[in-house]
Each structure stands twice: as C-alpha cells, then as structure tokens.
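Please open the structure in a viewer and keep the selection tool at hand.

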Amino acid sequence: MDYNVGSYSPINFEIHNPSGIIVKFIIWTDGLLLSFLLENGACLVDFYAPWCPPCMRLLPELRKASRQFDSTINFGTIDCTIHAAFCRQHNIRSYPTTILYNNTQQQQFLGEHTVTSVVDFLQDFLNPTGIFFKNVTYF
C-alpha cells in the first residue's frame, strides 16, 4: 500500500466488534474508507467531537449496541476535531452525526441516544417492513 497520498492525513477509525473489543484501523484516504465500507458490509459510523457532551453520552451507548449484533453490522467512530477537513468533506455539520453506510447508500440515525433506539434503527435496517400487494389491491 502506498502511504504517500498527498495532503490527506491518516484517519483514526475504530471498529467495535460484537464482543465489544475495539479494533483500530488507520485509513489514509477517503477512497480507502469507501473501500472499507464497500468490502465489509453495513457500518454505523459516529462522527463526534470529544468536547461535545451529547457525543460523550452516545459513545458508550453505541458500544453497548455493538454487542447485540454479529458481524452483519460494524460500528465505527471518527473524531472530527482531529479530522476536521475529512468531516467537512462529508458534510458533517453538527455533533454527533451518526450515519449507517451500506454499500453506496447512507442513512442518518436521528433517534434518541440510547441503546434501544440504536438497536431499533439497525433492526429496521436488517429486517425492513414489507407490504405485499395483491392484484385486487391495485383496483
């Protein structure tokens, strides 16, 4: 891997696995982050600032929620005070901003900052509600 990538600074990106162990990755470019997200399935990424009280209340809730899922969903965090340019590039304008990345699709989490809300949000993603139509439904 070529680490001479111009003006990009390394992105410290934490992955929380189901047992709660944090695996740290250093991601060097936006393209590598996108590659990681595309190769590793759904990932809930929290963009935060350490001086933000709501952010500090959400982080332990995300770690608790991560223990309730197998490898179908990864959990990650990015400190926007260290990686401000990266966060601006991704239109992060307030903290915390939590986005579920699934391949090329994004869905922002707007619920309460509780384990229950995070788990419900992800369960809705994993098990979407479907409406089945019959021929008589269209008339």
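Select Cys80 to begin: in this predicted model, Cys80 has a relative accessible area of 2%. Because buried means under 20% relative accessible area, Cys80 counts as buried.

What joins Cys80 to Cys87? The link is a disulfide, with an S to S distance of 2.1 Å. Cys87 is likewise buried, at 1% relative accessibility. The torsion about the S-S bond of Cys80 and Cys87 is about -80 degrees, so this disulfide is left-handed. The structure holds one disulfide.

Next, select residues 73–79, which form strand β4. Seven of its seven residues are buried, so β4 is largely enclosed by the rest of the structure. In a regular strand the side chains alternate between the two faces of the sheet. Display the side chains here: Ile73, Phe75, Thr77 and Asp79 point one way from β4, while Asn74, Gly76 and Ile78 point the other way.

Cys43 is buried, with a relative accessible area of 1%. Is Cys52 buried or exposed? Cys52 counts as buried, at 5% relative accessibility.

Terms used
Residues numbered from 1 in each chain as written. Predicted model: local features only at pLDDT ≥ 70, side-chain atom pairs only at ≥ 80, totals over all residues. Heavy atoms only, no water. Buried < 20%, exposed > 50% of the residue type's maximum accessible area, 1.4 Å probe, protein only. Helix = DSSP H or I, 4+ residues; strand = E, 2+ residues; numbered from the N terminus. Disulfide = S-S within 2.5 Å.
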